[in-house]
Amino acid sequence: MSQHMHQEAGRTRLARRALALPLLGALAVAAGCGGADTGEPDSTATPPPSASSVATEPATATPTADATVVIPKSAFLELPAELRKLPPRTMPVADAVPELCDDGFGTGGRSVTASAAMMTGYRQPGDPPSNVPYGTIAQTIFTFSDDGAADYLRRLRATLADCASFTIGNGDTVRVRSEPLPDAGDEGLLVVQVRPARNLPGDLVEGETTTTQVAVVRVADAVTLLHDEGWEGTSGDPALVDDFVRAAVDALDTWQR
């Protein structure tokens with residue numbers, strides 16, 4: 001999580017801080033998300049065994065294997081005002097879940113009762129309004145029946161124990177490390193992925209790397225993944241992960257009371 005020197009060099013070279021705000025419209029198109037402000041589920045998303053959806057009102061169904069569970073928009077993190085840059089937008093779960101060895105983050109298995117995902121853009125405190133987002137958070141929520149949520153974390157830990165690295169589609173090797181997230185929900189993990197840095201045209205940047213973080217937190221019968229990436233393929237800000245996790249846990253805890 002200490003990639004700031006490489007991170008800042010990459011950002012300077014790409015002149016990311018000089019990009020104008022009108023580029024934000026491109027993010028909305030590129031995200032391919034439906035129902036930006038209404039919270040409607042994306043019609044292209046493939047649902048798990050039970051219904052997968054985001055609603056604007058709190059769910060009333062009880063999370064069981066044979067009941068339809070609706071994950072409300074209020075169950076997702078709400079960034080503090082000083083970090084908020086773009087409004088959240090729904091996105092397909094398959095696009096939100098990050099890569100890992102053996103599809104380790106997966107889709108939760110048969111005990112999943114619902115899943116949904118949203119993306120939001122964040123800034124650093126003090127960033128001028130003209131700046132593009134500093135990074136994005138793709139958040140996925142899975143709800144489970146029985147012991148499914150705890151089982152998900154157990155399977156993930158087993159995968160990570162044998163996952164020092166994996167190869168992505170462009171041939172780059174992604175190095176993986178993980179560590180506990182103390183005091184995060186009922187249990188939590190932070191998965192850090194480091195890969196070779198590439199510029200906007202896709203060329204390798206010699207001597208530089210890009211770091212992303214995936215916080216995985218269980219709150220009762222739900223598990224959330226928070227995938228933090230920097231803007232346009234750069235590194236995110238690891239110093240903000242605690243803020244993201246805290247906001248996500250608060251939202252899930254409030255929903256499940």
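A residue is called buried when its relative accessible area is under 20%, exposed when over 50%, and partly exposed in between. These classes are applied below to a predicted model. Asp186, with a relative accessible area of 48%, is therefore partly exposed. Arg218, at 17%, is buried.

The side chains of Asp186 and Arg218 meet in a salt bridge, with an N to O distance of 3.8 Å. This pair links distant parts of the chain, since Asp186 lies in the loop between E7 and E8 whereas Arg218, 32 residues apart from it, belongs to strand E9. Through salt bridges with shared partners, Arg157, Asp186, Glu187 and Arg218 are joined into one network.

In the whole structure, 7 salt bridges were found. One of them pairs Arg154 with Asp151, whose closest N and O atoms are 2.0 Å apart. Both residues lie in helix H4, and because they are 3 residues apart, about one helical turn separates them. Residues three or four places apart in an α-helix point the same way, because the helix has 3.6 residues a turn. Arg154 is partly exposed at 49% relative accessibility, and Asp151 is also partly exposed, at 27%. A further salt bridge joins Arg84 and Glu78, with 3.8 Å between the closest N and O atoms. Here Arg84 is partly exposed, with a relative accessible area of 39%, while Glu78 is exposed at 60%.

Strand E9 (residues 204-219) runs antiparallel to strand E10 (residues 222-230), and 7 bridges join the two. Within this pair, Val216 stands opposite Leu225 in E10.

Thr159 is located in helix H4 and is buried, with a relative accessible area of 19%. Beyond its neighbours within four places in sequence, Thr159 contacts Leu100, Cys101 and Gly104.

The 16 residues of H5 should span 22 Å at 1.5 Å a residue, which agrees with the 23 Å between its end C-alpha atoms. Buried residues of H5 include Phe244, Leu252 and Trp255. The buried residues of this helix pack against E2, E4, E5, E8, E9 and E10.

Technical notes
Residues numbered from 1 in each chain as written. Predicted model: local features only at pLDDT ≥ 70, side-chain atom pairs only at ≥ 80, totals over all residues. Heavy atoms only, no water. Pairing = 2+ DSSP bridges. Helix = DSSP H or I, 4+ residues; strand = E, 2+ residues; numbered from the N terminus. Buried < 20%, exposed > 50% of the residue type's maximum accessible area, 1.4 Å probe, protein only. Contact = heavy atoms within 4.5 Å. Expected span 1.5 Å × (residues − 1). Salt bridge = Lys/Arg side-chain N within 4 Å of Asp/Glu carboxyl O.
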